[in-house]
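Subject: Structure for your review

Dear colleague,

Please find the structure below, followed by an account of what was found in it.

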Amino acid sequence: MLAHPEQGNSITCAWGDYDNDGYLDLFVSNQNTSNQLFHNNGNGTFTQIISGPPVDDGGPGIFCSGPGWVDYDNDGFLDLLVLAENDDGTSFPYLYHNDGNTNSWLEVKTVGTVSNRSALGAKVRLRATIAGKTFWQTQEISAAIGYNTSPPVAHFGLGDAVNVEVLRIEWPSGIVQEIPGVASKQILTITEPARFFTTLTSGVPHFKLKGGRGLQYQIEASTNLNTWTVTTSVVITNLDGTIQIGDPVSSSRRFYRARGAAEER
């Protein structure tokens, strides 16, 4: 059980894997007493960090809130920002830089095309083997909630893993994207794939493609899902992110897909 401060009140908290061992740690901001940091032991228990920054700060007459784990210098390790206010109403921040260690990590930034631009609501999951144990981690892309100040970036600690076996993104639109064999220690920006809507007119398929405005897509066709042929290339210019596509090639059965130059695979 996590210990409540003996004096003062707990205001809000923020989860983040500050040592990149694959397990989320917990920071708690407090009023009128020192802040708290709990290290996740990876077995369902936590160890409270009792000295050193950031738990030496705060105290009587100080109201701490709005903690956010954010890798502000893009070195792969989560730093910590805590908002504070004195009794006289003077506001000031605590900013703690994480000096890091040798553990691996992965940061994923999502760009929505069919979904909202920031892909808020997307679930980013990965499977990796850390210290001989294979398990999934999940982060949800979200805006700031309440007092929290974390950005819409999925940060994963990977311990001794040199790569991610599977990276899976479940976009708010319902599109599911899987990328195998992703290298660790990188900041990865992933653009949501386009989505097809199909109709049939006089035996000829017609498509409406929804994707990123200004992005170019190659439309490919296949009869066996193994060999693909480019049928056309389009750039989406409509304000609603859609474009109409017709395929004049007649076939008893064909499969179609859109491949965008900005997409990670």
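A residue is called buried under 20% relative accessible area, exposed over 50%, and partly exposed in between (1.4 Å probe, protein chains only). By this scale Cys13 is partly exposed, with a relative accessible area of 30%, whereas Cys64 is buried at 0%.

This is a predicted model, in which local features need pLDDT of at least 70 and side-chain atom pairs count only at pLDDT 80 or more, while totals for chains, interfaces and linings use all residues. Residues are numbered from 1 along each chain as its sequence is written, and side-chain values use heavy atoms, with hydrogens and water left out.

The structure holds zero disulfides (a disulfide being a pair of cysteine sulfur atoms within 2.5 Å). The sulfur of Cys13 has its closest cysteine sulfur in Cys64, 14 Å away, which is too far for a bond.

A nonpolar core is a set of buried Ala, Val, Leu, Ile, Met, Phe, Trp, Tyr and Cys residues joined through side-chain atoms within 4.5 Å. The largest one has 24 residues, and Val108, Val124, Leu126, Leu167 and Ile190 have the most contacts inside it. Among the strands (DSSP runs E of at least two residues, numbered from the N terminus) that each supply at least two residues of this core are E8 (104-111) and E12 (163-170). Strand E9 gives the largest share, four residues. Val124 touches, among others, Val108, Phe156 and Leu167 (contact means heavy atoms within 4.5 Å). A second, separate core has 14 residues, including Ala14, Phe27, Leu37 and Leu78.

Yours sincerely

Notes. Lists of a residue's contacts leave out its neighbours within four places in sequence.
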